[in-house]
Amino acid sequence: MALDRELPQLLKQRLFYEGRKFNFEVNRLRLPNKSQGDWECIRHPGGALAVPVTSEGKLILLRQYRFAVGGRLLEFPAGTVEENESPFETIQREIQEETGYRAGKWQNLGKFYLAPGYSDEIIYAYLAEDLEKLEEPLNLDEDEDIEVLYVTPAELEKAILEGEPVDSKSISSFMLARPYLS
C-alpha cells in the first residue's frame, strides 16, 4: 500500500537545529484539513536494519547501551543511512561492524515509519543469511557499547512477550521476518 502524499503548507519556519544524525525543526503549518499550528519534527535520513540468521537458525541480536533510555536494549544490527549511501549499502556495512559477520544472501523485508507522530524516519529491513564470520571485524563507532547474542526465534518472541527491553524497530522487523524463519 503506497503512501498518498499530502504535504502541509509551510507558513513559517520557526526553529531549525542541524544535528550529527538528524535535524529538528518547529514550523507553523497549515494541514490538509485547514488547521494551523506549530508542529515539531525530527528530519532523519532513514535507517537500515538486518535480521541476521545463522545456518543453525539462530538470530543474531545485540544488547546495546542507549544513553537516551539510560540502559541496554535488545536490537538487531542497524544504522543510519549515510550521505551518498543506499539503505542496502548501509546495512551491509553495519552488520559487519556490529556483528563481525558478512551475509551472502539478502532478502528485502520492506520498510516502515519508526515514529510518524514526530519523525519522518523510515527503517529499511532486510533478512541476512549465509553468514560468514569475518577474520577481522570492522571497528565499532565510538559510542557503540555492544554485546553480540545468539537466540532462537522462540527465545526472542518470549523475551518480547515478557517485556524485556527490545526496541520497536527490531520487534517490527522480527514480525516481517517470521515467514522466512524455520
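Residues are numbered from 1 along each chain as its sequence is written, and side-chain values use heavy atoms, with hydrogens and water left out. Because the model is predicted, local features need pLDDT of at least 70 and side-chain atom pairs count only at pLDDT 80 or more, whereas totals for chains, interfaces and linings use all residues.

**Exercise 1. Describe the protein as a whole.**

Begin with the secondary structure, in which helices (H or I, at least four residues) and strands (E, at least two) are DSSP runs numbered from the N terminus. The protein has three helices and ten strands, and along the sequence these follow the pattern β-β-β-β-β-β-β-α-β-β-β-α-α.

Then consider burial, where buried means under 20% relative accessible area, exposed over 50%, and partly exposed in between, with a 1.4 Å probe and protein chains only. Of the 182 residues, 39% count as buried.

Finally, take the contacts (heavy atoms within 4.5 Å): of those with a separation of 6 or more, 58% come from residues 24 or more positions apart.

**Exercise 2. Work out how strands E1, E2 and E3 are arranged.**

The three strands form an open sheet in the order E1-E2-E3, with antiparallel pairing. Its edge strands are E1 (9-18) and E3 (36-43), each of which pairs on one side only. The twist from one strand to the next averages 20°, with axes taken as lines fitted to C-alpha atoms and angles running from 0 to 180 degrees between N-to-C directions.

Next follow the pairing of E1 with E2, which is antiparallel over eight bridges; Phe-16, for instance, has Glu-25 in E2 as its bridge partner. A hairpin of four residues connects E1 to E2.

Then pass to E2 (residues 23-30) and E3, which run antiparallel and are joined by eight bridges. Here the bridge partner of Asn-27 is Trp-39 in E3.

**Exercise 3. Is Glu-18 buried or exposed, and how far in space is Glu-18 from Ala-154?**

Locate the residue first: Glu-18 is found in strand E1. Its relative accessibility is 60%, and therefore Glu-18 counts as exposed. As for the distance, Glu-18 and Ala-154 are 136 residues apart in sequence, and their C-alpha atoms are 41 Å apart in space.

Conventions
Two strands pair if DSSP finds at least two bridges between them.
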